[in-house]
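I would ask you to look at the structure on the screen while I speak.

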Amino acid sequence: MSFASPLFLWFFTPVVLLGVLSSPRHWRNGIVAVASLVFYAAGAGPSTLLLLTTMAVNFMAGPWLEPDEWDTGRARRLRVLVAVVAFDVAILLVWKYAGFATEQIAGFARLFGADLPVVHLLLPIGISFYTFHHISYVVDIYRGERPALRDPVAFVTYIAMFPQLVAGPIVRYRELADQLPQQRTHRLDDVASGFPRFALGLCKKVIVADSLSPLVEQCFDTPASQMTFAVAWLGAVAYTLQLFFDFSGYSDMAIGLGRMVGFRLPENFARPYSSVTITEFWRRWHMSLSRWFRDYVYIPLGGNREGAGRTYRNLSIVFVLTGLWHGANWTFLVWGLYHGALLVIERGYGLDRTPANPWRRIGRRALTLVLVVFGWVFFRAADMGQALVMIGHMLLPDFTGLTDRVDAALGNQVLVTLALAALIVFLPASPVTGPLLESSRSRTARILRVTVMVPGMLWAAIMVATGTFSPFLYYQF
């Protein structure tokens with residue numbers, strides 16, 4: 001069930017909100033938990049059993065991981081932690097990477113005349129996200145940062161909360177633990193604050209991202225023999241904008257929905273295309289993922305505390321894992337290595353700091369954006385061959401122009417949408433629109449709220465009703 005589907009917008013969400021607002025306060029976690037499982041089962045089907053199994057294992061392990069006053073059972077707790085994290089990672093590896101791994105092995109075996117089978121497993125929706133939630137839960141308990149949950153309803157609410165279950169934001173346990181107790185209040189102003197944020201995300205997704213989707217598909221599907229400099233750059237730039245408006249739109253919708261049912265979810269985007277360095281870009285793009293890898297991988301590996309060599313190693317490991325987390329494909333691995341190498345270069349040469357000179361800032365911002373655009377080609381391409389063909393043409397100017405199919409996809413409406421979407425690149429780094437809509441009472445925020453909720457929401461609703469929406473891009477992860 002997509003956030004941008006009529007079933008979700010006009011039936012599921014109103015029923016859940018009505019239940020939450022009209023029920024006794026101590027029922028709210030239960031309503032959210034049940035609604036979340038129904039939401040997931042509607043899209044995942046039998047894969048729901050895998051989610052329930054992993055939730056049962058992690059919930060039962062929680063009390064065994066809590067330290068006592070003197071932490072006398074640290075060794076035992078560590079063994080339990082290792083076992084549970086190994087279980088979570090194994091589930092992710094099998095369902096997400098077994099097919100890719102066996103395909104590579106079979107391909108290698110064919111060189112020697114052998115014919116080995118390839119595993120084909122249906123990827124459960126949101127498995128990357130709920131696996132990271134489980135790991136955060138058990139690690140935060142082991143570290144003594146938050147107590148284990150004894151109430152299974154509260155645990156299901158944290159892991160399976162429908163606003164963030166399928167595509168984030170990735171919510172670390174300690175960020176939500178204090179909001180789970182039943183005595184939390186829920187007020188109508190939560191709905192008043194959350195709805196504009198939700199409406200903003202819907203407009204981003206349906207009006208901008210979905211309008212650019214056909215153009216992106218035509219550009220990336222252009223055969224190598226017909227690829228041109230213009231097609232390659234148009235496809236890369238259009239995808240850069242489509243991905244931002246699609247994923248940040250989902251995050252806005254998730255944060256808005258969470259606020260409407262009484263939870264404050266962490267921010268996930270902060271104008272990433274205004275970044276002056278790649279280091280800053282990763283502080284602004286998919287921030288919940290960056291924070292997760294920082295807290296549970298980079299810092300445990302030693303962070304930047306053990307010299308430059310170890311720091312570069314740790315950064316490289318983190319971004320190899322970041323690439324593979326997004327998908328079982330060589331393109332994602334190369335994308336992760338590419339960003340890891342850029343970060344190492346920036347840190348090694350002292351380029352990770354924002355220049356004081358305004359002209360140098362403008363130049364570095366332009367360079368950073370170009371580097372990000374090149375990286376997105378690997379992220380979007382179906383395989384390395386397609387990625388290298390596009391990048392090759394991006395680096396070799398010609399005067400061939402657009403193909404007929406791409407030119408047809410670039411109609412007047414799409415061209416206007418592309419131009420307006422590109423304005424995000426020129427906006428200042430702050431304020432960020434989502435938090436401004438949700439919390440600010442300024443005149444600017446009021447005007448934006450009216451603009452989003454009246455003409456924007458109406459236009460988006462019409463497009464949803466006509467069936468022109470498409471699945472969110474991050475659903476595949």
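Across the interface of domain 1 and domain 2, two residue pairs are found in polar contact, both at pLDDT 80 or more. Please bear in mind that we are looking at a predicted model. Between these two domains the count of salt bridges is zero.

Let me place the domains. Domain 1 covers 6-183, whereas domain 2 is assigned as 190-276 + 354-466. Their C-alpha centres lie 29 Å apart. To the contact, domain 1 gives 26 residues and domain 2 gives 20 residues.

What is the area buried between domain 1 and domain 2? It is about 1800 Å², and carbon and sulfur atoms give 81% of it. On the side of domain 1, Leu 9, Pro 163 and Pro 169 lose the most area to domain 2, together 29% of what that side buries.

Helices H1 (6-22), H2 (28-44) and H7 (173-176) each supply at least two residues of the side of domain 1 that touches domain 2. H1 gives the most, with nine residues. By residue class, that side of domain 1 divides into 19 nonpolar, six polar and one charged.

I turn now to salt bridges in the model, of which the rule counts 18. One of them joins the side chains of Arg 174 and Asp 140, at 3.1 Å from N to O. Arg 174 belongs to helix H7 and Asp 140 to helix H5, so this pair ties together parts that are 34 residues apart in sequence. Are these two residues buried or exposed? Arg 174 counts as partly exposed because its relative accessibility is 21%, while Asp 140 is buried, with a relative accessible area of 0%.

A second salt bridge is formed by Asp 295 and Arg 172, at 2.3 Å from N to O. Asp 295 lies in helix H11 (residues 287-298) and Arg 172 in the loop between helix H6 (152-160) and H7, so the parts tied together are 123 residues apart in sequence. Asp 295 is buried at 7%, and Arg 172 is buried at 8% relative accessibility.

Both pairs belong to a network of salt bridges that links Asp 140, Glu 145, Arg 172, Arg 174, Glu 175, Arg 294 and Asp 295.

A further salt bridge connects Asp 252 with Lys 204, the closest N and O atoms being 2.8 Å apart. Asp 252 sits in helix H9 (residues 229-260) and Lys 204 in helix H8 (residues 188-220), 48 residues apart.

Technical notes: Residues numbered from 1 in each chain as written. Predicted model: local features only at pLDDT ≥ 70, side-chain atom pairs only at ≥ 80, totals over all residues. Heavy atoms only, no water. Domains from an automatic or database assignment. Contact = heavy atoms within 4.5 Å. Buried area = accessible area lost by both parts, 1.4 Å probe. Salt bridge = Lys/Arg side-chain N within 4 Å of Asp/Glu carboxyl O. Polar contact = N/O pair within 3.5 Å; in protein donor to acceptor, adjacent residues only side chain to side chain. Helix = DSSP H or I, 4+ residues; strand = E, 2+ residues; numbered from the N terminus. Nonpolar A, V, L, I, M, F, W, Y, C, P; charged D, E, K, R; others polar. Buried < 20%, exposed > 50% of the residue type's maximum accessible area, 1.4 Å probe, protein only.
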